[in-house]
Amino acid sequence: YMLKTRNYWQYRHNDSRVPRKHHLALDGKVFPADSDFWKYCYVPNGYGCRCSVFALSKRDLEREGLEVSSAPSEKVIVRDKATGENYRVP
């Protein structure tokens, strides 16, 4: 039911002593809840990440004047410490 009524999610950076630049860059961005972006960037997305995600409806977007963003196209290589495998993720 939640995805039918609030099918947009907003990324919000929370205070940190050492904020990551890519977390700050995502602050306030809105993506569709079913976007592949969330497969890799749903919080917490890194050691000590204190960011959060807020579910929004179409009406919330209109009321707040928010726009839906396109998922970032650039990718970085992340090494899985448990398996040693490298992955390219947004």
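Biologist: Which residues is tryptophan 38 in contact with, leaving aside its neighbours within four places in sequence?

Modeller: Contact means heavy atoms within 4.5 Å. By that rule tryptophan 38 touches Trp9, Gln10, Tyr11, Phe31, Pro32, Ala33 and Val53. Please keep in mind that this is a predicted model, where local features need pLDDT of at least 70, side-chain atom pairs count only at pLDDT 80 or more, and totals for chains, interfaces and linings use all residues. Residues are numbered from 1 along each chain as its sequence is written, and side-chain values use heavy atoms, with hydrogens and water left out.

Biologist: How do I read the aromatic pairs, and how many does a search of the whole structure find?

Modeller: A pair of aromatic rings is described by the distance of the centres and the angle of the planes. Rings of Phe, Tyr and Trp (its six-membered ring) pair if their centres lie within 6.5 Å; planes under 30 degrees apart count as stacked, over 60 as edge-to-face and the rest as tilted. Searching the whole structure gives 6 aromatic pairs. In one of them, phenylalanine 31 and tryptophan 38 have ring centres 5.9 Å apart and planes at 80°, so this pair is edge-to-face. Phenylalanine 37 and tryptophan 38 are also edge-to-face, at 4.8 Å centre to centre with 75° between the planes. One aromatic cluster is made up of Trp9, Phe31, Phe37, Trp38 and Tyr42.

Biologist: Are phenylalanine 31 and tryptophan 38 buried or exposed?

Modeller: Buried means under 20% relative accessible area, exposed over 50%, partly exposed in between (1.4 Å probe, protein chains only). Both phenylalanine 31 and tryptophan 38 are buried, and phenylalanine 37 is buried too.

Biologist: Which residues form the largest nonpolar core?

Modeller: A nonpolar core is a set of buried Ala, Val, Leu, Ile, Met, Phe, Trp, Tyr and Cys residues joined through side-chain atoms within 4.5 Å. The largest one here has 11 residues: Trp9, Tyr11, Leu26, Phe31, Ala33, Phe37, Trp38, Cys41, Val43, Cys49 and Cys51. Helix α3 (37-41) gives the most to this core, with 3 residues. Helices (H or I, at least four residues) and strands (E, at least two) are DSSP runs, numbered from the N terminus.

Biologist: Which strands does β1 pair with?

Modeller: Two strands pair if DSSP finds at least two bridges between them. Strand β1 (residues 8-12) runs antiparallel to β2 (residues 30-32) over 3 bridges, and antiparallel to β3 (residues 52-56) over 5 bridges. Tryptophan 9 stands opposite phenylalanine 31 in β2, while tyrosine 11 has valine 53 in β3 as its bridge partner. Of the 5 residues in β1, 4 are buried.

Biologist: And how many salt bridges does the whole structure hold?

Modeller: A salt bridge is a side-chain nitrogen of Lys or Arg within 4 Å of a carboxyl oxygen of Asp or Glu. The search finds 4 of them. Aspartate 60 meets arginine 6 at 2.6 Å, N to O. This pair links distant parts of the chain, 54 residues apart, with aspartate 60 in helix α4 and arginine 6 in the loop between α1 (2-5) and β1. Aspartate 60 is buried at 8% relative accessibility, whereas arginine 6 is partly exposed at 31%.

Biologist: Which other residue does aspartate 60 meet in a salt bridge?

Modeller: Arginine 63, at 2.5 Å, N to O. Aspartate 60 and arginine 63 are 3 residues apart in helix α4, so about one helical turn separates them. Salt bridges that share partners join Arg6, Asp60, Arg63 and Glu64 into one network.
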